[in-house]
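Dear colleague,

I am handing over the structure below, and my notes on what was found in it follow directly after. Please read them with the model open beside you.

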2 protein chains.
Amino acid sequence: MASPTGHTQPNPELIFETLNAHQRTAALKAAIELDVFTAIGEGANTPAALGKRCQAAERGVRILCDYLVIMGFLNKEAQRYSLTPDSAMFLDRRSPACMGSAASFLSSPELIGAFKNFAAVVRKGGSMLPGEGTTTPENPIWVEFARSMAPMQIPLAEAMAKILKADAGEKWKVLDIAAGHGMFGIALAKHNPNAEIYALDWPRVLDVATENAAKAGVAVRHHLIPGSAFEADFGSGYDLILLTNILHHFDPVMIELLLRKVRAALAPNGRAVTLDFIPNDDRVTPPRAASFSIIMLATTPDGDAYTFSEYQRMFRDAGFSSNELVSLGPAPHSLIISRK
Amino acid sequence: MASPTGHTQPNPELIFETLNAHQRTAALKAAIELDVFTAIGEGANTPAALGKRCQAAERGVRILCDYLVIMGFLNKEAQRYSLTPDSAMFLDRRSPACMGSAASFLSSPELIGAFKNFAAVVRKGGSMLPGEGTTTPENPIWVEFARSMAPMQIPLAEAMAKILKADAGEKWKVLDIAAGHGMFGIALAKHNPNAEIYALDWPRVLDVATENAAKAGVAVRHHLIPGSAFEADFGSGYDLILLTNILHHFDPVMIELLLRKVRAALAPNGRAVTLDFIPNDDRVTPPRAASFSIIMLATTPDGDAYTFSEYQRMFRDAGFSSNELVSLGPAPHSLIISRK
């Protein structure tokens with residue numbers, strides 16, 4: 001409400017919206033599980049037609065779809081629903097860019113459960129999940145991650161391949177640490193026929209990366225190093241060592257330990273390539289990179305979204321000579337390219 | 001990313017934001033539980049000071065407070081946090097308008113649990129909570145509601161008292177159905193010394209209303225009718241019958257049944273006054289009123305956020321002669337004033 005002086009009165013709307021925000025996650029997850037977006041894309045665009053197609057109550061889908069309109073995932077005209085450009089591209093199962101599977105990971109009971117008694121997490125200053133949280137050795141969540149998050153990593157992997165000039169075809173020996181789905185190493189192998197990839201991760205996770213390497217037609221240049229990044233023998237002479245979405249799980253002491261090991265395994269002109277959420281020094285911008293911190297608080301003992309200044313210090317302390325920061329916008333991620 | 005033609009490329013950000021939205025609820029709830037806003041208001045404005053004051057790990061409060069900045073609940077300058085006008089007014093316990101207790105209700109395990117397997121709720125077309133969901137007789141959640149939601153109802157109750165011209169001091173007999181905290185009837189009694197209030201609700205809930213009536217100094221004009229709105233004997237000759245935040249819990253058949261009973265209890269010139277979330281006919285605007293529907297889907301067998309057209313039909317079918325709609329903006333609620 002505008003006051004006579006043109007100032008806005010204090011308003012509790014943001015508080016209500018935030019206390020109800022969990023409903024947004026629940027509704028989108030349900031819509032993906034019921035395959036509502038594919039059904040609408042195929043023409044079932046009324047509550048009656050959707051109820052039949054999704055085997056759900058008409059009242060249920062009507063209220064769900066109205067809420068999806070309010071959130072911006074659907075349009076509604078003359079009581080009929082239609083997909084937005086975003087939902088047609090990313091939520092209709094018929095689209096090659098569909099990332100509905102990401103919902104299985106991001107809204108999995110383990111990740112949502114990590115926020116359950118969040119005051120206790122803040123008091124402790126770290127995850128209340130058992131063991132080391134998501135960083136517990138062989139945690140099956142990483143198999144789920146590898147299976148469900150691969151589609152949405154492809155644009156990032158392609159951006160990385162372009163920035164590293166994979167197409168130039170130099171002879172590369174590449175170590176892909178915590179490879180997960182393997183998509184980053186695989187993208188380099190696809191663009192560079194002279195790249196040999198060594199993928200490191202837990203054995204069950206490497207099964208997923210191996211499937212993806214075979215699908216991409218690069219299986220013969222995709223080698224496996226099963227185990228922990230902190231314990232496995234990396235080998236040596238790498239031109240590139242990829243650290244994608246891994247460093248944020250650990251504290252600076254552990255990260256420096258890993259970076260020393262990485263540096264030792266690089267060839268003289270080798271580069272470490274870090275892909276991560278890297279906020280500005282204020283730690284509150286840009287919002288998506290900065291808010292990744294809260295996920296690390298909830299799911300790890302002492303991980304964080306580190307700033308570039310903090311990474312620069314860690315890389316320098318581990319002996320690296322230079323670091324270059326490259327934003328991957330519009331994605332919230334950045335790359336750091338560090339020279340031995 | 002803007003394309004060469006100036007159109008925006010499809011972007012998965014809204015999907016990520018929504019899949020992570022549950023974290024917003026968890027973080028605000030934790031901040032209220034740890035009393036972070038009061039601590040900052042009192043001058044503990046660094047992670048170290050806050051950790052000490054809130055008995056929490058410095059890392060925990062630092063990451064939590066940065067996230068509160070990103071969400072818009074705090075400001076951050078030179079590594080120090082400060083309250084926004086909204087959080088100073090509504091989240092600092094020292095403010096008379098503090099509504100931190102609303103968090104206990106809105107983010108209670110029962111209300112959050114109602115969204116847990118939301119695909120099943122949509123399939124069924126109604127709440128998966130036991131019994132009749134939140135409308136189960138004597139459900140203790142309404143005692144919690146009455147205790148925690150009273151502060152934020154005061155502005156609405158004051159707006160209602162003004163619209164009904166309570167200050168004119170006419171002799172009023174008022175029935176407050178599903179009185180809860182009792183604040184609506186109590187506001188009328190405060191503004192009109194000639195108003196007698198009859199508050200109807202479950203006995204345990206009426207204990208809370210009675211406390212509030214005593215605090216407001218109107219206990220002698222605040223009478224109790226314990227029981228269900230569908231079963232209790234209302235008495236008769238009421239000038240006003242209040243239906244605040246109750247009709248949305250039921251289907252139109254039950255609502256008409258209740259409205260007939262309400263009409264019979266009104267004096268010849270009496271008015272029924274409904275306060276509720278009333279969306280436009282499109283059911284998707286305004287957003288806060290329209291999105292209330294999803295809460296009724298998750299927590300009741302067949303409640304809804306009904307449109308004014310739907311309420312008009314129900315009131316007319318129950319014998320009322322006219323209905324007037326009054327918005328309570330900036331609040332998301334509206335009033336319907338219906339004449340016998």
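In this predicted model, helix H13 (residues 252-265) of chain A and helix H15 (residues 308-317) of chain A pass each other in a right-handed crossing, a crossing being right-handed if the near helix is turned clockwise from the far one by less than a right angle, and left-handed if anticlockwise. Their axes, which are lines fitted to C-alpha atoms over the stretch in contact, with angles running from 0 to 180 degrees between N-to-C directions, come within 8 Å and cross at roughly 50 degrees. H13(A) and H15(A) are therefore oblique to each other, since angles under 35 degrees count as roughly parallel, over 145 as roughly antiparallel, 65 to 115 as roughly perpendicular and the rest as oblique. Helices (H or I, at least four residues) and strands (E, at least two) are DSSP runs, numbered from the N terminus.

On the H13(A) side the contact (heavy atoms within 4.5 Å) is made by A:Pro252, A:Ile255, A:Glu256, A:Leu259 and A:Arg260, and on the H15(A) side by A:Arg313, A:Met314, A:Phe315 and A:Asp317. By class, these residues divide into 5 nonpolar, no polar and 4 charged, where Ala, Val, Leu, Ile, Met, Phe, Trp, Tyr, Cys and Pro count as nonpolar, Asp, Glu, Lys and Arg as charged, and the others, Gly among them, as polar.

Between the chains, 82 residues of chain B are in contact with 82 residues of chain A. The two chains bury about 7100 Å² between them, 69% of it on carbon and sulfur atoms; buried area is the accessible area (1.4 Å probe) that two parts lose on being put together, summed over both. There are 4 salt bridges between chain B and chain A, each a side-chain nitrogen of Lys or Arg within 4 Å of a carboxyl oxygen of Asp or Glu, and B:Glu13 forms a salt bridge with A:Arg288, with the closest N and O atoms 2.7 Å apart.

As for the backbone, a cis peptide bond with omega of about 15 degrees joins A:Gly329 and A:Pro330, and A:Pro330 lies in the loop between strand E8 (322-327) and strand E9 (334-339) of chain A. In chain B, a cis peptide bond joins B:Gly329 and B:Pro330, with omega of about 10 degrees.

Residues are numbered from 1 along each chain as its sequence is written, while chains are lettered from A and ligands numbered from 1 in the order in which they are written. Local features need pLDDT of at least 70 and side-chain atom pairs count only at pLDDT 80 or more, whereas totals for chains, interfaces and linings use all residues, and side-chain values use heavy atoms, with hydrogens and water left out.
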